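The following dialogue takes up a protein chain through questions and answers. Please study the sequence and the structure before reading on.

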Amino acid sequence: MRTRIRNLGILAHVDAGKTTLTERFLYLTGATHRRGEVHDGTTVTDFDPQERDRGITIFSAAVSCEWAGHRLNLIDTPGHVDFADEVERALRVLDGAVAVFDAVAGVEPQSESVWRQADRHGVPRLAFVNKLDRAGADLDAAVASLRDRLGTVPLAVQLPIGREDAFTGVVDLVHLRAHQWRAGSDAYETGPVPDALVEEAVRRRHRLAETVAELHPAALEEYCADGTLSPGTLTAALHDLTLGGEAVVVLCGSAYRNRGVEPLLDAVVAYLPAPADLPPVRGERPADPAAPLTALVFKVTTTATGRLTYLRVYAGTLRKGDTVLDSTTGRTERVARILRVQADRTTETDLATAGDIVAVVGPKAARTGATLCAADAPAIRLEPPVSADPVVSVAVEARLGRDTERLAVALARLAEEDPSLGVRTDPESGQTVLSGLGELHLEVAVEKLRRAHGLDVTVGRPQVAYRETPAGAVTGLTYRHVKQDGGAGQFAVVVLDVAPLGADEDPAGRDLVFRSAVTGGRVPQEFVRAVEAGCRDALADGPLGGHPVTGVRVTLTDGATHVKDSSELAFRTAGRLALREALRKGGTTLLEPVVEVTVTAPDSAVGTVLGDLAARRGRITDSATHADTAVLTATVPLAALFGYATQLRSRTQGRAGFTTRPAGYAPAG
């Protein structure tokens with residue numbers, strides 16, 4: 001029997017309706033007794049004051065509810081690109097996800113980004129096409145955009161009843177029955193398919209069965225024998241295809257009007273995996289309460305009552321009062337309390353077992369990405385979530401000198417709670433520099449300093465994170481590192497070929513490609529590794545402006561050693577100094593971060609928008625028109641977008657909006 005737990009995330013582009021969908025889940029399962037609304041600031045998951053003020057999800061929020069005898073652990077994730085790291089940390093501990101798409105817009109830039117994040121983690125997904133009650137809503141167009149833009153095989157298992165304002169329900173193609181919601185009521189009725197839709201429903205059901213049979217061997221046998229698939233076979237095959245990532249089940253509805261949500265909850269239970277459906281972590285710890293404890297820390301927060309450490313328990317059982325080993329640091333930590341989390345509210349429990357997502361009180365030093373395991377079993381380390389590199393920085397100072405120490409403590413706490421934030425001291429100016437993933441990311445962090453920590457701070461103008469890359473190739477560079485100062489000396493000779501990576505090798509995303517072409521053992525293997533380490537050291541600051549260097553290909557072609565004075569340290573030093581000299585000789589090119597901007601504006605404002613993008617060094621890459629609305633896509637330097645939201649609203653009288661997503665680095669103009 002499958003475990004009666006589902007751990008899932010709600011993923012979407014900003015404003016696609018994922019928080020509203022989460023609120024409907026909580027309401028329909030009885031976890032809440034009234035429907036929270038984003039526009040009223042009454043949602044359970046967007047509980048932070050900044051989220052309610054801005055009307056967007058900023059922080060991932062965990063909630064739980066019960067449906068059909070199953071416990072659903074949900075994480076509502078942000079949809080804004082600046083908070084993609086919150087999504088990354090959530091996906092690391094989830095078994096499945098519901099991706100929400102706007103029935104008018106289809107796949108949008110950030111929905112594509114979070115989909116790719118889920119791909120990297122191998123998270124099985126359902127798709128929910130939301131807002132079918134909107135003017136211009138089109139399920140078939142949305143499904144086509146999933147196929148074309150995401151490269152997936154969408155399997156629509158529902159057919160809408162009515163269009164736009166007349167949308168009243170859905171036809172369940174698996175069981176060929178209709179679910180219809182009465183106006184002004186949360187209840188729905190299940191009955192036969194309306195006569196006007198019978199022929200279309202049968203045709204779509206046949207096409208669904210045919211597609212599933214092509215993908216699923218067991219279903220193919222039944223399809224060949226009977227010419228169709230029974231509801232049981234079709235449901236089992238859809239579960240298998242979802243689990244294997246071979247296809248995506250697509251459902252539809254309107255979360256705001258509470259139509260189509262109950263069938264989606266049924267689909268979560270039927271199609272998304274239970275913890276026991278997934279392979280054992282690291283291939284050795286199954287999702288078994290009797291196995292040795294293995295848990296991953298995916299979030300740390302500080303509340304008025306203390307430090308909360310959020311865990312996903314992968315194996316074993318965690319009990320209140322247990323002492324656990326942080327295998328990342330080798331420290332032991334005591335778990336004083338275990339809490340079930342409902343956004344900003346908690347209830348205490350005595351234990352958590354494999355598959356649970358809980359918060360614990362007690363650990364003092366466990367950081368995001370730490371593995372907590374049984375102290376009396378062999379230590380194990382799980383792969384931590386990967387944080388993106390910051391691309392925007394601001395100088396932050398306390399307005400009052402006496403608050404300087406408080407500011408340092410508050411910034412350290414922010415960086416602990418959000419690993420995508422960086423804090424450093426500028427060596428030249430002595431200023432404290434806060435770095436993040438975007439302008440809004442930093443605005444939220446600074447506002448948190450003011451609200452949560454009561455600090456009056458001044459903030460400098462945002463600065464982007466530049467990179468350098470080789471401008472040309474240097475071949476046969478010979479570098480001799482010889483040092484004699486009494487006692488054992490240092491001797492290393494290396495010969496390097498240095499060149500930029502090709503455009504097809506993702507030069508902005510790969511720092512160094514290193515290989516050795518040395519023959520005859522002239523440089524022993526342990527010294528080759530030292531040369532590579534030295535080359536990586538040299539990438540920390542380039543010759544042009546001291547920026548990190550990326551997109552470098554280094555080939556070690558020859559070298560020489562000394563019988564007594566050669567060492568790994570000597571060759572690491574030689575590798576570092578040789579690459580620095582090669583970069584100075586060949587020169588470097590300055591790279592700046594660029595983003596893909598998608599602007600939605602009325603036709604009458606297109607000229608204004610195009611002119612403004614051109615002034616910001618934007619390059620138009622795509623354009624489309626829907627009714628009287630234009631959608632423009634451009635690649636723009638990130639540095640040119642500071643303050644763009646205010647300018648765009650001003651130039652278009654508030655009628656245009658935009659979204660962004662990272663597009664890597666490009667030569668600075």
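Predicted model: local features only at pLDDT ≥ 70, side-chain atom pairs only at ≥ 80, totals over all residues.

Reader: How do helix 6 and helix 7 pack, and is the arrangement parallel, antiparallel, perpendicular or oblique?

Author: Two packed helices are described by the angle between their axes and the distance between the axes. For helix 6 (residues 195-215) and helix 7 (residues 217-226), the axes lie 6 Å apart and the angle is about 130°.

Reader: Is the crossing of helix 6 and helix 7 left-handed or right-handed?

Author: The handedness is a further description of this pair. Where helix 6 passes helix 7, the crossing is left-handed.

Reader: Which residues make the contact of helix 6 with helix 7, and how many of them are nonpolar, polar and charged?

Author: Helix 6 contributes His206, Ala209, Glu210, Val212, Ala213 and Leu215. From helix 7 come Pro217, Ala219, Leu220 and Tyr223. Sorted by class, the contact holds one charged residue, one polar residue and eight nonpolar residues.

Reader: At what angle do helix 3 and helix 4 cross, and with which handedness?

Author: The axes of helix 3 (residues 84-93) and helix 4 come within 10 Å of each other. They cross at roughly 30°. The handedness of this crossing is right-handed.

Reader: Which residues form the contact of helix 3 and helix 4, and what is the division by class?

Author: On the side of helix 3, the residues are Ala84, Val87, Glu88, Leu91 and Arg92. Helix 4 supplies Gln110, Val114, Gln117, Ala118, Arg120 and His121. By class, this contact has three charged, three polar and five nonpolar residues.

Reader: How many aromatic pairs are found in the whole structure, and why does the pair of Phe101 and Trp115 count as tilted?

Author: A search of the whole structure finds five aromatic pairs. In the pair of Phe101 and Trp115, the ring centres are 6.1 Å apart and the planes stand at 55°. Planes under 30 degrees apart count as stacked and those over 60 as edge-to-face, so the pair with 55° between its planes is tilted.

Reader: Where in the chain are Phe101 and Trp115, and are they buried or exposed?

Author: Phe101 belongs to strand 4 (residues 96-102), and Trp115 to helix 4 (residues 109-121). The pair links distant parts of the chain, 14 residues apart. Both Phe101 and Trp115 are buried.

Reader: What is the geometry of the aromatic pair of Tyr644 and Phe658?

Author: A pair of aromatic rings is described by the distance of the centres and the angle of the planes. For Tyr644 and Phe658, the centre-to-centre distance is 4.9 Å. With 65° between the planes, this pair is edge-to-face.

Reader: Where do Tyr644 and Phe658 lie, and what is the relative accessibility of each?

Author: Tyr644 is in helix 15 (residues 644-651), while Phe658 is in strand 35 (residues 657-667). Tyr644 has 0% relative accessibility and therefore counts as buried. Phe658, by contrast, is partly exposed, with a relative accessible area of 29%.

Reader: What is the phi of Ala68, and is Ala68 buried or exposed?

Author: Most residues other than glycine have a negative phi, and most peptide bonds are trans. Ala68, which sits in the loop between strand 2 (61-67) and strand 3 (70-76), has a positive phi near 50°. Its relative accessible area is 56%, so Ala68 is exposed.

Reader: What is the phi of Ala343, and is Ala343 buried or exposed?

Author: Ala343 is in the loop between strand 17 (337-342) and strand 18 (345-349). Although Ala343 is not a glycine, its phi is positive, at about 60°. With a relative accessible area of 6%, Ala343 is buried.

Reader: Where is Phe491, and how many Å separate its C-alpha atom from that of Thr190?

Author: Phe491 is part of strand 29 (residues 490-500), and at 15% relative accessibility it counts as buried. Among the residues that Phe491 touches are Arg480, Val482, His562 and Phe571. Phe491 and Thr190 are 301 residues apart along the chain, and their C-alpha atoms are separated by 82 Å.

Key: Residues numbered from 1 in each chain as written. Heavy atoms only, no water. Axes fitted to C-alpha atoms, helices over the stretch in contact; angles between N-to-C directions. Helix = DSSP H or I, 4+ residues; strand = E, 2+ residues; numbered from the N terminus. Left-handed = near helix turned anticlockwise from the far one by under 90°. Contact = heavy atoms within 4.5 Å. Nonpolar A, V, L, I, M, F, W, Y, C, P; charged D, E, K, R; others polar. Phe/Tyr/Trp six-rings, centres within 6.5 Å; stacked < 30°, edge-to-face > 60°. Buried < 20%, exposed > 50% of the residue type's maximum accessible area, 1.4 Å probe, protein only. Lists of a residue's contacts leave out its neighbours within four places in sequence.
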